[in-house]
Amino acid sequence: FKALLLIAALHHVAALHPLLPPENAPFGHNLLPYFMFEPGLKNFNHGSLGATPRYVMQSQRNFSAQVESNPDMWLVEGYFTCAGETRDMLAKYVGANVDDVVLVPCASEAVNAVVKSLDFQPGDKLLYTSIAYPMVPYTVQYVADRQNLETVVMNITFPTSDAGILAAAKETLSNNPGIKLAIFSHITAFPSIILPVKELAALCHEFGVLVLIDGAHTLGQQPLDVVDIGADFYVATAYKWFYGPKGTAMMWVSPSRQNHIVPTVISATGMLDYQGSFLYTGSIDYTPYCALKSTWTFRQQLGDSRIMKQPGPKG
């Protein structure tokens, strides 16, 4: 079967080659054929679902063909191999140890896993900001209602600055003893600003507060070193600005916190450790995880740093 996998991989690469743009190709309308937009569409809302290149879409189709050629064997050997390669790619991209990175379908799934896994006590407080993505307050309120917790909203008013945000955070933490978890966006959805997450994490830790960073819009938009940020949890979406297939994201958890975090679905594999429990969460389509490797190839072809230098949110 390993020989068949190798042959399939060679066909996979050959089939994808024509779909790659020229190396360091100019940005603009000449790249339109490498995406799948319908004629005349002007896609201004890249932050919701992103846009997956044809190259990456074909990669996923090729993996789907491999799955259907021998489903059971692909799950036993093919999936675990390619998932490991994808995790390794992402870990290097975000400056992390591969053992600390797991694959998840989306940032919402990861945030839910963290908030629902932590051991809170009645009266504990959970903090989020007034400009958090709606999934965050909905999830926090759901858990708070069922565990008799309190929610704290850190208000961010505009115009603002890093100093103003940090001052608001310090005031909120000082006035609300008992906060156990704080959730911050790295790049906020609306309005779009970059929060000083490294400084926020350090400040929260001074108050004994765990920190979860929602980096749904960060991966692919700016260089990322999750270890240097110093949070306890970092989640990032790959299908938005990174150009990955729909249903691809990553979560990084500090080694000291991994024993506390489990996925929202517990599977039948019996793998209950941090890496194993997230690796397989039931009989779903795992080809997006495998095809995510080809996204890095596409970005390298255009120049990853060149992509990041295009206009985007400013701090």
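1. Ser 185 belongs to strand β4, which covers residues 179-185; strands (E, at least two residues) and helices (H or I, at least four) are DSSP runs, numbered from the N terminus. With a relative accessibility of 7%, Ser 185 counts as buried, where buried means under 20% relative accessible area, exposed over 50% and partly exposed in between (1.4 Å probe, protein chains only). Leaving aside neighbours within four places in sequence, Ser 185 is in contact with Ala 132, Tyr 133, Leu 195, Val 197 and Asp 214, contact meaning heavy atoms within 4.5 Å. Thr 218 is 33 residues away from Ser 185 along the chain, and the C-alpha atoms of the two are separated by 9.3 Å.

2. The model is predicted: local features need pLDDT of at least 70, side-chain atom pairs count only at pLDDT 80 or more, and totals for chains, interfaces and linings use all residues. Residues are numbered from 1 along each chain as its sequence is written, and side-chain values use heavy atoms, with hydrogens and water left out.

3. Phe 184 is also found in strand β4. Its relative accessible area is 1%, so Phe 184 is buried. Not counting residues up to four places away in sequence, Phe 184 touches a set of residues including Leu 127, Met 154, Leu 195, Cys 204, Ile 213 and Asp 214.

4. Gln 221 is placed in the loop between β5 (210-215) and α9 (226-229). Its relative accessibility of 18% means that Gln 221 counts as buried. A polar atom of the Gln 221 side chain lies 2.9 Å from the backbone oxygen of His 217.

5. One joins Phe 158 and Pro 159, with omega about 0°; Pro 159 is in the loop between β3 (150-154) and α7 (162-175). The other runs from Phe 190 to Pro 191, with omega near -10°, and Pro 191 lies in the loop between β4 and α8 (197-206).

6. Asn 148, in the loop between α6 (135-147) and β3, has a phi of about 60°. Asn 148 is exposed, with a relative accessible area of 54%. Tyr 243, in the loop between β6 (233-237) and β7 (249-253), has phi near 75°. Tyr 243 is buried, at a relative accessible area of 15%.

7. The C-alpha atoms fill a box of roughly 60 × 50 × 30 Å along the principal axes.

8. Buried residues account for 50% of the 315 residues in the protein chain. Among contacts between residues at least 6 apart in sequence, 71% join residues at least 24 apart.

Note on methods:
A polar contact is a pair of N or O atoms within 3.5 Å; within protein, one must be able to donate a hydrogen and the other to accept it, and residues adjacent in sequence count only if both atoms are side-chain atoms.
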